[in-house]
There are 2 protein chains.
Amino acid sequence: MNTNTPPASPRPGDSYVQSFARGLEVIRSFSASAPQQTLSEVAAQTGLTRAGARRILLTLQTLGYVESDGRLFRLTPRILDLGFAYLSSMPIWDLAEPVMEELVEQVRESCSAAVLDGLDIVYVLRLPTHKIMRTNLGVGSRLPAAWTSMGRVLLAGLPDDALQARLQGLIPQRFTQHTVMDMPTLLERIRQARTQGWCLINQELEEGLISIAAPLTNRAGQTVAALNISGQANRSSAEVMQATMLPALLRAAQSISRMLGTQHG
Amino acid sequence: MNTNTPPASPRPGDSYVQSFARGLEVIRSFSASAPQQTLSEVAAQTGLTRAGARRILLTLQTLGYVESDGRLFRLTPRILDLGFAYLSSMPIWDLAEPVMEELVEQVRESCSAAVLDGLDIVYVLRLPTHKIMRTNLGVGSRLPAAWTSMGRVLLAGLPDDALQARLQGLIPQRFTQHTVMDMPTLLERIRQARTQGWCLINQELEEGLISIAAPLTNRAGQTVAALNISGQANRSSAEVMQATMLPALLRAAQSISRMLGTQHG
């Protein structure tokens, strides 16, 4: 599921480099449904002229980010370097994983870390448990913040006015019969996450999926990421997960936050 | 370890969009050692003028790829969308993970998938086992192809002339006392991987690290990725790993290759 909203309309000023912005659009035009594209397809996807799309694709090819058989273009793994620049610039990348591995070992459920981007959460680390998963959420995957436990914990980290402003743009979507649809209740649940320091979501995003999240904070006490455990309702009820897994999750989150505080502020 | 060689010198022709190429360089200038940068630092890292760096950074900020407190700039998680465009355009992304989870469950060692980029392998999926790992190899990490089991299997997938041409650019590096340093032996090992359909590397990259890899092939029989299991010499010898884990690895690789063949050619 990719709920990524397009970036806010750029306001081209003196400083806006249109050709660079268009180039990034060309990269984003490739996807699961369009893994390989012709020049015309890229042009149609991005709104560029064929000549414009061609210049961008040839530049990407010169730099090794795209390869082509002459007709079809596709991205190369070098593209991952761009995201890797982000991941390796996050202190969480190094610090959190060993703690998360211990947590998975302890609770025998999968554990993930995510950050907030607008109204989405974006996965930055994920340790699956060795059970076949129905969902396939790798690094870079997005989910709607308002209906995920990590999202509510991350939204709870915003000052209340910023939180309310951000939720203005939200259009509630019914994922299951449990999805909280009205804004006052949603806001209340987010504030509850802020007060108690964690959040449990019971099948609001997907039937059968229960997850608990806790914030990861920096030295200044700001929430910089969230950590979660997700389980299946048919294996453990929400009450059992809260009773048995929440303490371990909170310990792990505190341990990572302490390291973030010491090493990187 | 990032052995990523800079892209081949671009040959700016009529079709080369210099400002786009420079913009990508700005993204890549962020890293673990430079997670936040001032305008001057970005300019120094990329060789751009301050004015040029400023235009790129402001464009990235307008698009939501960079955030700033006015002085320091840092990447946002939106950058991951660029890499996600690549990962989600790979059929392996959906198909391989369940099979890899079963494999990890069976052999109790970590399992990864990687693709070839020049003389590097790039990790596209990784399932750690729940043992604390010494190495931290997430998606997008690079290792030198010639001294990794996945790399030798991927190089073995090249036609012999392409293989020899590619190895021209290789400068052998001693990682351990076991590292194969001379090119004829290296070439022989890669050809051996081609003949036998798998490769075992015993502590050539890192003391104590043993790994076995097998190719993932498409319908046309071309090697598109590699799958590996890596273990520790102090837990299992190379002989034991080969005897106990190779059959499971080969079955998993064949099963993924079959799915690649059916679904995507």
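**Sheet and helices of chain B**

Chain B has an open sheet of 3 strands in the order β1-β3-β2, with antiparallel pairing. The strands at the edges are β1 (37-38) and β2 (66-68) of chain B, and each of them pairs on one side only. The model is a predicted one. In general, strands of a sheet pair through backbone hydrogen bonds, and they may be parallel or antiparallel. Between β2(B) and β3 (residues 72-75) of chain B there are 3 bridges, and these two strands run antiparallel. As for individual residues, B:Glu67 has B:Arg74 in β3(B) as its bridge partner.

Next comes helix α4 of chain B, which covers residues 80-88. Of its 9 residues, 9 are buried, so α4(B) is largely enclosed by the rest of the structure. The buried residues of α4(B) include B:Leu80, B:Leu82, B:Phe84 and B:Leu87.

Helix α6 (residues 149-156) of chain B and helix α8 (residues 183-196) of chain B meet at an angle of about 75°, and their axes are 8 Å apart. Angles of 65 to 115 degrees count as roughly perpendicular, so α6(B) is roughly perpendicular to α8(B). From α6(B), the residues in contact are B:Arg152, B:Leu155 and B:Ala156. They meet B:Leu186, B:Arg189, B:Ile190, B:Ala193 and B:Arg194 in α8(B). The contact of α6(B) with α8(B) is made up of 5 nonpolar and 3 charged residues, with no polar ones.

Methods:
Residues are numbered from 1 along each chain as its sequence is written. Chains are lettered from A and ligands numbered from 1 in the order in which they are written. This is a predicted model: local features need pLDDT of at least 70, side-chain atom pairs count only at pLDDT 80 or more; totals for chains, interfaces and linings use all residues. Side-chain values use heavy atoms; hydrogens and water are left out. Two strands pair if DSSP finds at least two bridges between them. Helices (H or I, at least four residues) and strands (E, at least two) are DSSP runs, numbered from the N terminus. Buried means under 20% relative accessible area, exposed over 50%, partly exposed in between (1.4 Å probe, protein chains only). Axes are lines fitted to C-alpha atoms, for helices over the stretch in contact, and angles run from 0 to 180 degrees between N-to-C directions. Angles under 35 degrees count as roughly parallel, over 145 as roughly antiparallel, 65 to 115 as roughly perpendicular and the rest as oblique. Contact means heavy atoms within 4.5 Å. Ala, Val, Leu, Ile, Met, Phe, Trp, Tyr, Cys and Pro count as nonpolar, Asp, Glu, Lys and Arg as charged, and the others, Gly among them, as polar.
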